[in-house]
Amino acid sequence: MTDARYIRASRGTEIFNAIVTGLTRLGVSIYGSRVLAVRGRKSGEWRTVPVNLLTYNGERYLVAPRGHTQWVRNMRAAGGGELRVGRKVEVFTAEELPDDVKPEILREYLRRWKFEVGVFFDGVDASASDEKLRSIAPGYPVFRLS
């Protein structure tokens, strides 16, 4: 998996994430933001990161716009985690979706958050064809929550 797509957070992204995390911890969800907590695959310690929780057709999803990040690797190992907003904590299990079913989810994710995450999609937007979305799908892990 050494060639898996991964975009390291820039300093600007880290600052933005810190602001969103702080607000979400106070109970202010910005456009569906949550603080994702997942146990580290090596340390076993809780690791947190802000995420956008996508609800689509009655299902809930987490999409990793920066690729195979540390939270994605931890999620694969842990099989779930917690979503937090303020004092509310929701425990969940996660199932990673295969690439062939991602286009519809990626399209909806881009429709809602392109203004925030579009830079990570190299010009691909919600109007892209299923074929195009399927071609980029391996670089964008998607988890269905239950």
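Nine salt bridges are found in a search of the whole structure, a salt bridge being a side-chain nitrogen of Lys or Arg within 4 Å of a carboxyl oxygen of Asp or Glu. The model is predicted, so local features need pLDDT of at least 70 and side-chain atom pairs count only at pLDDT 80 or more, while totals for chains, interfaces and linings use all residues. Residues are numbered from 1 along each chain as its sequence is written, and side-chain values use heavy atoms, with hydrogens and water left out.

**View A. The buried residues of helix 2 and the strands against which they pack.** Helix 2 spans residues 70–78, and its buried residues are W71, V72, N74 and M75. These residues lie on the same side of helix 2, because they cover an arc of only 165° around the axis; the arc is that of the directions from the helix axis to the C-beta atoms. Buried means under 20% relative accessible area, exposed over 50%, and partly exposed in between (1.4 Å probe, protein chains only). Helices (H or I, at least four residues) and strands (E, at least two) are DSSP runs, numbered from the N terminus. The packing partners are strand 1 (33–39), strand 2 (46–56), strand 3 (59–63), strand 4 (80–85), strand 5 (88–96) and strand 6 (142–145), with contact meaning heavy atoms within 4.5 Å. Just after helix 2, G79 has a positive phi of about 75°.

**View B. The salt bridge between R11 and E14.** The two side chains meet at 3.4 Å, N to O. Both residues belong to helix 1 (residues 11–25) and are three residues apart, about one turn of the helix. An α-helix has 3.6 residues a turn, so residues three or four places apart point the same way. R11 is exposed at 59% relative accessible area, whereas E14 is partly exposed at 40%.

**View C. The salt bridge between R84 and E82.** The closest N and O atoms of this pair are 2.8 Å apart. R84 is partly exposed, with a relative accessible area of 23%, and E82 is buried, with a value of 14%.

**View D. The salt bridge between D130 and R107.** The side chains meet at 2.9 Å, N to O. This pair links distant parts of the chain, with D130 in helix 4 (residues 130–136) and R107 in helix 3 (residues 102–117), 23 residues apart. D130 is partly exposed at 39% relative accessibility, while R107 is buried at 16%.
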